[in-house]
Amino acid sequence: MDLTYRPRRLRRSLALREMVREVSLSPADFIYPLFVHEGSDVEPISAMPGANRWTLEKLLGEVQRAWELGIRCVVLFPKIADNLKTEDGKECFNPDGLIPRAIRYLKSELPDMTVMTDVALDPYSSDGHDGIVSSEGVVLNDETIHQLCLQAVMQAQAGADLIGPSDMMDGRVGAIREALDDEGFEHVGIISYTAKYSSAYYGPFREALDSAPRNLSNKPIPKDKSTYQMDPANSREAITEAQLDEQEGADILMVKPGLAYLDIIYRLRQESELPIAAYNVSGEYAMVKAAAKKGWIDEKSVVLETLLSFKRAGADLILTYHACDAAEWLRQD
Ligand code: PBG
């Protein structure tokens, strides 16, 4: 055939493929989510094989392992005992709570590791919502933000480097920025869950923290988070959220979940000059683990291909439970 262009010319050898490769993965791209609890044993999480609820002591070992593999940021999630959960979630700003103790411990032992936190009420809420639920069953915006600001400031006082509001209340990024600045934490960054969708992919995470919406009181509790998290049908709305978060002072924008929302990552990359993070969430992790266990897919290849797809779509950072495994595989290659 008389072909001018033969794209296969540049695919002939590994060396050529490596030369023209457009994106790559590095352990420094990863943010490693970790669960902590008060218990004295490390507890496996059944729907997330390989992930655990760590004790404070054992958490340090896992974070050190991540550091040695080249991972430079961890994000902490607490499993809070039922007797500490209240309708207003006030345990979220207790300076002696599980998360501030974990932050202080990690920062004293491994000060160079970036510690990110999650800001929302759900692990602390007896109703299992990210905000305060009114007696009419409405998730209250402004009242919730008051709690979130106390939570963020307390986390910064404990030594957090990056504050991650995941609650999806309107105006929370600006309010948290102001609260941090007022308390002298202008150097602490905000990684905003900008486009966070009301997704069924969070199921295993809610099992890990026992944080799903529940009806324990006699008020009506919304059974899902669709009055504050985004509708999976919408993409223009993600641009609006991104513009608001930028105006309000976010330092990094996040898209969550990641895999079913690669188009949103791509769109935000076009719209914003800020770093973009993708959250490869618990349900995405669980699907890969389940299929790999059955021998239906090759875990290493699927994980590395998936993580690469976030970079190709335009993400700079990837929150992933595969972080340590992927870092190890990248080292071997
Ligand atoms: C809580 C929060 C959730 C996740 C991160 N922060 C769950 C939710 O919004 O219900 C999900 C993470 C995952 O599924 O891996 N605000």
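**A cluster of rings**

Modeller: Tyr-193 is buried, at 1% relative accessible area. Buried means under 20%; exposed means over 50%, and partly exposed lies in between, with a 1.4 Å probe and protein chains only. The model is predicted, so local features need pLDDT of at least 70 and side-chain atom pairs need 80 or more, while totals for chains, interfaces and linings use all residues. Residues are numbered from 1 along each chain as its sequence is written, and side-chain values use heavy atoms, leaving out hydrogens and water.

Tyr-279 is also buried, again at 1%.

Now the ring pairs. Searching the whole structure gives 8 aromatic pairs. Take Phe-77 and Phe-205. Their ring centres are 4.9 Å apart and their planes stand at 90 degrees, so this pair is edge-to-face. Phe-77 sits in strand S4 (residues 73–78) and Phe-205 in helix H6 (residues 203–209). That links distant parts of the chain, 128 residues apart. Phe-77 is buried at 2% relative accessible area. Phe-205 counts as buried too, at 13%.

Back to the two tyrosines. The rings of Tyr-193 and Tyr-279 have centres 6.3 Å apart and planes at 45 degrees, so the pair is tilted. Tyr-193 belongs to strand S9 (residues 189–196) and Tyr-279 to strand S11 (residues 276–280), so parts 86 residues apart in sequence are tied together.

The rules are simple. Rings of Phe, Tyr and Trp (its six-membered ring) pair if their centres lie within 6.5 Å; planes under 30 degrees apart are stacked, over 60 edge-to-face, the rest tilted. Helices (H or I, at least four residues) and strands (E, at least two) are DSSP runs, numbered from the N terminus.

Ring pairs also build a cluster. Its members are Phe-35, Phe-77, Tyr-193, Phe-205, Tyr-279, Tyr-285 and Tyr-321.

Now the surface. Leu-10, Met-19 and Val-20 make a nonpolar patch of about 310 Å². Patch residues have over 30% relative accessible area and no salt bridge; nonpolar side chains (Val, Leu, Ile, Met, Phe, Trp, Tyr) are joined within 5 Å, like charges within 9 Å. A salt bridge puts a side-chain nitrogen of Lys or Arg within 4 Å of a carboxyl oxygen of Asp or Glu. Areas come from the Shrake-Rupley method with a 1.4 Å probe, and for residues only the protein chains shown count as cover.

Leu-10 lies in the segment before H1. Its relative accessibility is 44%, so Leu-10 counts as partly exposed.
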